[in-house]
Amino acid sequence: IFRAEAQGQGGASIGSVQGNSFQDTNVQPAKTYYYTITAVDFVGNESAKSGEFMIKTAAVKPAAPTAVT
């Protein structure tokens, strides 16, 4: 799994997974990221990178104040 901060950069490897699910927990709020993936077969042959897909993280709202007098 590869992630870039600009479209068309290709990205740096951020992890791997054996399956079909991955959660990227090292992201910033209100930021756009571009991901690509590759597949590796049982003897280590790696595919070409997938098409790029874009994810925009949600903005984080500040917590409401408590105990205001």
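Okay, quick definition to get us going: a salt bridge is a side-chain nitrogen of Lys or Arg within 4 Å of a carboxyl oxygen of Asp or Glu. Keep that in your head while we look at this one, and remember that it's a predicted model.

So, how many salt bridges does the count come to by this rule? Two.

Let's start with Asp 24 and Arg 3. Their side chains meet in a salt bridge, at 2.6 Å from N to O. This pair ties together distant parts of the chain: Arg 3 is in strand S1, residues 2–4, Asp 24 is in the loop between S2 and S3, and they're 21 residues apart.

Now, is Asp 24 buried or exposed? Buried means under 20% relative accessible area, and Asp 24 has 19%, so it counts as buried. Arg 3 is buried as well.

Let's stay with Asp 24 for a moment. What else is around it? Leaving out residues up to four places away in sequence, Asp 24 touches Arg 3, Ile 14 and Tyr 35.

Okay, on to Lys 31 and Glu 5. They form a salt bridge too, with the closest N and O atoms 3.4 Å apart. Again, distant parts of the chain get linked: Lys 31 is in the loop between S2 and S3, Glu 5 is in the loop between S1 and S2, and 26 residues separate them in the numbering. As for Lys 31, its relative accessible area is 27%, so we call it partly exposed.

That's my bit, thanks!

Notes. Residues are numbered from 1 along each chain as its sequence is written. This is a predicted model: local features need pLDDT of at least 70, side-chain atom pairs count only at pLDDT 80 or more; totals for chains, interfaces and linings use all residues. Side-chain values use heavy atoms; hydrogens and water are left out. Buried means under 20% relative accessible area, exposed over 50%, partly exposed in between (1.4 Å probe, protein chains only). Contact means heavy atoms within 4.5 Å. Helices (H or I, at least four residues) and strands (E, at least two) are DSSP runs, numbered from the N terminus.
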